[in-house]
Amino acid sequence: MKMKHVFLAMMLMLLVVLAACGGGDTEETDTGEDTTGNDTEETTDDSPSEPQTLHVAALESAYGVDVWEKIIAAYEEAHGNVTIDLTIERNIEEVMRPNMQAGEYPDVFLLATDREEALTETMIKENALASLEDMLTMNVFGEQVTVEDKLLDGFTDTLATNPYADGETYLAPMFYSPTGLFYNANLLEEYGWDAPTTWDEMFELGEKALAEDIYLFTYPVAGYFDTLLRSMLYASGDVDLFNAAMTYEEGVWESAEGRRVLETIEKLADYTHPDTVANANPNDFVRNQQLVLDNEAIFMPNGTWVVGEMAEAPRVDGFEWGMMPVPAFEEGGTRYAFTFFEQVWVPSQAENVEGGKEFISFLYSDQAAEIFLEAGAAQPIEGIVNMMDDEQAFFYSIYSNDVLPAMGTFASTTPVPGVSIGDELYVKIDSVMSGRVTVDEWVNSLEQANDSLRPAMN
Amino acid sequence: MSRKRSRNIFIATCITPAIMLFALFMVVPTFEVFRMSLYNWGGLSGNKTFIGFNNFKVLWNDMRFIQSFQNSVLLIVLVAVLTIVVAIFFASVLTKEKVFATNFFRIVFYIPNILSVVIIAGIFSAVYNPRTGLLNSILGLLNLEQLQRQWLGNQDIVIYSLAGALVWQAIGYYMVMYMSGMASIPESYYEAASLEGAGKFKQFSAITLPLIWNNLRTTLTFYIISTINLSFLLVTAMTGGGPDGSTEVFLSYMYSQAYSNSTYGYGMAIGVVVFTFSFVLAAVVSRITKREVLEF
């Protein structure tokens, strides 16, 4: 009998443990202040008199957590009637995915496309985003100007914000950053070399540099070609070629303009530092960036974040960051520098869609822009360059009359198993660099991928 | 209540929690994987379409999948064969020979096994560093410059570099397992054999190997499972599947399809293939290595 009691007690304990586990699915949140707000108390009524809770999820990026806590504090103070529940994590996809699969969506999500886990792309492909068209015509929270008017031109005309290519905006642009070819300005000065403006000059410089045992080019990982290649597409065939490529048009890579982009990459292989491919992986990519700091390679495609990323790294004496737009194909041709930006969006199944939109409009206010700027993040709004300090302004002033911003990404498709345009276009470059894949093979595989993706476009 | 009946109730109550947990956390998810492989689903929303075996048809023609499959099979074979040879060699040396500081070596060999895969990735990316790496530096020191390679950059050899790291990691664990098997073989067998004039190698092949055979068979299944799992972790941490898919293994490909490419259903179809493959392979290996168990 005694055994039975012990057994019963153990069963009871097991039940308690199971029950405790079952109840533990309230997500871990890193809240700015202690929130008493509980998801079930949330009301869908968004009249301003009713206190509302807004659930914001954001990726913890290089800009840090503090900046979001300040933004939220500012919004709560300005709004007066809202409590924000913030979830901010480095692995935000892993934290949010189970909740979203269970039907609990955040009201606002800051997460860009082109991330390994592709949560944003999945939401796009599944038509699970709320349209932000009416947010654009709303006034910026606390200001007398509409969001549309305040945003810099062109930022809501791209496939990165209007993924279905129908002119409707589903993702709002955040934190823009020009990308280009980064180099040691002092190195070029020392040897008396000019920063090349065309690819011909680029390869001439490559020869000169090789004579000095310096390689012309390196890249962190093949994925960094996304910005470089897209700028090259613009430079080679203007916006028409770019859009054709981004919407998987037939024959786009076989066309003379498309082909010359790929051929240029192949030619670049001869001038690429031989250690590049071996280091082009998630563990060692910093070694490739180090090659530039050590004067072993001149150019690498990168974004302004590299300055902070390599801040602690050793470097040659007199090193000075330089950034140039991607060279043109012809003398005097327009050059482009791809503008990278992140996106913020509202899931259509969120509980408080309207509140989410209002919050996003606040992110474009001068007050918010200044808070973001302190952390190094630039909002794509009118007058932002005037708010910057000199170093920041240097990178953002890359655009001028003959240097234009390139923006946009591939059109969204319904999920196509086994076909990834990123793998075919960017990841394949490792094989192009090693000479395993010729341009003809590359063109073929790209056209094949396009053939499968074209019918699947949303 | 009869004694037998109450005993049966007691047994049933005892095993119910375990069965429930097993069903909930093993059987149901496995079943779900099989079910999801028949759908076209991105993984997040409720939009699932039933497409029958279409995912498997696509899989059959997916060259990247076939490459990752080849890589996985190559790794399983290489890692199992190399580790068995090296681990048995060291195990028999450490148990049978009078080696200085046996316990010290046992610990040294075992250490890699307790390291996290991320640390192993860090160690080996330093070893394989083309410039300052241990491997190329040693080759340079020995005037063997012609053997220096881009260990993680050359697409023909990077998969072997990966195998090297996996073997290094596995040796200690299997060595300890074989040592425990060898330690239980009575010393008198070896004495008798040496009186009969059997040399070291003969002793090993006629006594040690047959008597640890069962032990060895069990570890073969371990090799299959652990190589499949660890290669995914190592690839994710060290090479990211690159350069251009040269080190993609089927679990890393499954992950990239299920998440990065938003084709969750397709990823699950890969999961089904991996599941079936590892099950069948383990069964076949177990079947063809079956021998009568020797008693001693």
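Colleague: Why is strand β8 (residues 335-345) of chain A called mostly covered?

Modeller: This is a predicted model, and in it 11 of the 11 residues of strand β8 of chain A are buried. A residue is counted as buried if 20 or more other C-beta atoms lie within 10 Å of its own, and since 11 of 11 residues in β8(A) are classed that way, the strand is described as mostly covered.

Colleague: How do you know that strand β3 (residues 108-110) of chain A pairs with β8(A), and in which sense do they run, parallel or antiparallel?

Modeller: Pairing requires at least two bridges between the strands, and β3(A) and β8(A) are joined by 2 bridges, so they pair. The two strands run antiparallel, and within β8(A) the bridge partner of L110(A) is V344(A).

Colleague: Which sense, parallel or antiparallel, holds for β8(A) and β9(A), and how many bridges join them?

Modeller: Strands β8(A) and β9(A) run parallel and are joined by 4 bridges; with at least two required, they therefore count as paired.

Colleague: What joins strand β4 (residues 171-184) of chain A to β8(A)?

Modeller: Here 6 bridges join the two strands, which run antiparallel. L171(A) has W345(A) as its bridge partner in β8(A), and M174(A) stands opposite E342(A) in β8(A). Strand β4(A) also pairs with strand β6 (residues 297-303) of chain A in the antiparallel sense, over 4 bridges, with M300(A) in β6(A) as the partner of F182(A). Another 4 bridges join β4(A) to strand β7 (residues 321-324) of chain A, again antiparallel, and there the partner of Y183(A) is G322(A).

Colleague: How many residues of β4(A) are buried?

Modeller: In β4(A), 13 of its 14 residues are buried, and it is mostly covered.

Colleague: What are the two domains of chain A?

Modeller: The domain assignment gives domain 1 as 29-177 + 340-406 and domain 2 as 179-337 + 415-456, and their centres, taken over C-alpha atoms, are separated by 30 Å. The contact between them takes 16 residues from domain 1 of chain A and 20 residues from domain 2 of chain A, where a contact means that the C-beta atoms lie within 7 Å. On the side of domain 1 that touches domain 2, strand β9 (residues 403-406) of chain A gives the largest share, 4 residues, and the residues of that side divide into 11 nonpolar, 2 polar and 3 charged.

Colleague: What makes the buried residues of α10(A) line one face of the helix?

Modeller: Helix α10 (residues 256-268) of chain A has 13 residues, and those that are buried are G258(A), V261(A), L262(A), I265(A) and L268(A). Seen down the axis of α10(A), these buried residues fall within an arc of 115°, so they line one face of the helix. In general, an α-helix has 3.6 residues a turn, so residues three or four places apart point the same way. What covers the buried residues of α10(A) includes β5 (215-217), α9 (225-246), α19 and α20 (439-453) of chain A.

Colleague: How many residues of chain A are in contact with chain B?

Modeller: In chain A, 30 residues are in contact with 36 residues of chain B. Among the elements of chain A on that side, α4(A) gives the most, with 4 residues, and the side divides into 12 nonpolar, 8 polar and 10 charged residues.

Key: Residues are numbered from 1 along each chain as its sequence is written. Chains are lettered from A and ligands numbered from 1 in the order in which they are written. This is a predicted model: local features need pLDDT of at least 70, side-chain atom pairs count only at pLDDT 80 or more; totals for chains, interfaces and linings use all residues. Domain bounds come from an automatic or database domain assignment. Two residues are in contact if their C-beta atoms, placed from the backbone, lie within 7 Å. Ala, Val, Leu, Ile, Met, Phe, Trp, Tyr, Cys and Pro count as nonpolar, Asp, Glu, Lys and Arg as charged, and the others, Gly among them, as polar. A residue is buried if 20 or more other C-beta atoms lie within 10 Å of its own, exposed if 12 or fewer, and partly exposed in between; C-beta atoms are placed from the backbone. The expected span of a helix is 1.5 Å times one less than its number of residues. The arc is that of the directions from the helix axis to the C-beta atoms.
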